[in-house]
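Subject: Structure for you to look at

Hi,

Here is the structure I promised to pass on. Please open it next to this email and follow along.

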Amino acid sequence: MSATVLQTTGFVSGAIGTVGVLAATVMEVWCTEDQEENKATSNHHYMGLWKDCEVSQNGLTECQPLNSYLSYSRILQAIRALMIVAILVGVIAVFIGFFCLKCLNMRSMDLLTKGKLVLSAGILFIIAGIFDISGSSVYADQIVPSFMMQYPTQYNQKYTFGPALYVAWVGGVLLILGGILKCIAFNTIFKKLSYKYDIYRPIFQYF
């Protein structure tokens, strides 16, 4: 597979993954009350990274910011930080990957410089994916004890994974996949350089 195809596919995968992480971060349903276990309860309860919401029997939704829940503050702040860092790193990688695409290749940009940009974008995509998966997995780990609870009560409800968690995981996988493809594209570009100059040089000599 050519370097152009690899870096283009990696860019598209990383860009979609970044959008997925952004969407998951702002989504409100990271965990939702298990309706099968709480059929007697007329209200439906769900939570996200920023709000704790409850839907009444009349269909009215009332949300409160999670900042008021001190017990959630440390873990929740860590998860928020991981997700925000993943978005920022992913956006930077998207910008770098955008400028090193074959269709936007500047005449003044030589093959070596382009290879460095491709590798940088790939590494940043992978880092963003790791941050995203780490944050969403920590959140899921907080839900598992509730999910495994056999006898939920009025004050200890049983929760399940919300759609935002799955969006975050898919986004993280796409980011890592895009980063891997970018790194493979760099390896292909590096081989072209070796053939062009008919000389072998260690990769780190170029940095």
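Below is what turned up, starting with the ground rules.

This is a predicted model, in which local features need pLDDT of at least 70, side-chain atom pairs count only at pLDDT 80 or more, and totals for chains, interfaces and linings use all residues. Residues are numbered from 1 along each chain as its sequence is written, and side-chain values use heavy atoms, with hydrogens and water left out.

**Overall layout**

The chain has 4 helices and 5 strands. Along the sequence the pattern reads α-β-β-β-β-α-α-β-α. Both kinds of element are DSSP runs, numbered from the N terminus: helices are H or I with at least four residues, strands are E with at least two.

There are 207 residues, and 39% of them count as buried. Buried means under 20% relative accessible area, exposed means over 50%, and partly exposed is in between (1.4 Å probe, protein chains only). The chain exposes about 11900 Å². Carbon and sulfur atoms supply 66% of that area. Areas come from the Shrake-Rupley method with a 1.4 Å probe, and for residues only the protein chains shown count as cover.

Now take contacts between residues at least 6 apart in sequence. Of these, 67% join residues at least 24 apart. A contact means heavy atoms within 4.5 Å.

**The cores**

Which residues have the most contacts inside the largest nonpolar core? They are Trp 30, Leu 49, Met 83 and Tyr 139, in a core of 24 residues. Helices H1 (3–26), H2 (70–99), H3 (111–147) and H4 (163–197) each supply at least two residues of this core. H2 gives the largest share, 7 residues. Another core, of 9 residues, lies apart from this one and has Leu 6, Cys 100, Leu 119 and Phe 186 among its members. By definition, a nonpolar core is a set of buried Ala, Val, Leu, Ile, Met, Phe, Trp, Tyr and Cys residues joined through side-chain atoms within 4.5 Å.

- Trp 30 sits in the loop between H1 and S1. Its relative accessible area is 0%, so Trp 30 is buried.
- Leu 49 touches Thr 25, Trp 30, Leu 66, Leu 76, Ile 79, Arg 80, Met 83 and Tyr 139, leaving aside neighbours within four places in sequence.
- Arg 80 belongs to helix H2. It counts as buried because its relative accessible area is 9%. Between the C-alpha atoms of Arg 80 and Ser 136 there are 9.4 Å, with 56 residues separating them along the chain.
- Leu 6 is part of helix H1. Its relative accessibility is 6%, so Leu 6 is buried. Leu 6 and Thr 188 are 182 residues apart in sequence, yet 9.1 Å apart from C-alpha to C-alpha.

Leu 174 is in helix H4. It counts as partly exposed because its relative accessibility is 25%. Leu 174 is in contact with Ser 13, Gly 14, Ile 16 and Gly 17, not counting residues up to four places away in sequence.

**One salt bridge**

How many salt bridges are there? The count is 1. The rule asks for a side-chain nitrogen of Lys or Arg within 4 Å of a carboxyl oxygen of Asp or Glu. Here Lys 51 meets Glu 28, at 3.7 Å from N to O. Lys 51 is in strand S3 (residues 51–55), while Glu 28 is in the loop between H1 and strand S1 (31–33). They are 23 residues apart. Lys 51 is partly exposed at 38%, and Glu 28 is partly exposed at 31%.

**Surface patch and record**

Val 91, Phe 95, Phe 98 and Phe 99 make a nonpolar surface patch of about 370 Å². Patch residues have over 30% relative accessible area and no salt bridge; nonpolar side chains (Val, Leu, Ile, Met, Phe, Trp, Tyr) are joined within 5 Å, like charges within 9 Å. Val 91, in helix H2, is partly exposed at 32%.

An unreviewed UniProt entry lists residues 78–105, 117–140 and 166–190 as "transmembrane region". Its positions are given in the numbering used here, feature names are shortened, and annotations may be inferred rather than shown by experiment. In the model, residues 117–140 are 100% helix, with end C-alpha atoms 34 Å apart. Residues 166–190 are also 100% helix, with ends 36 Å apart by C-alpha.

Best wishes
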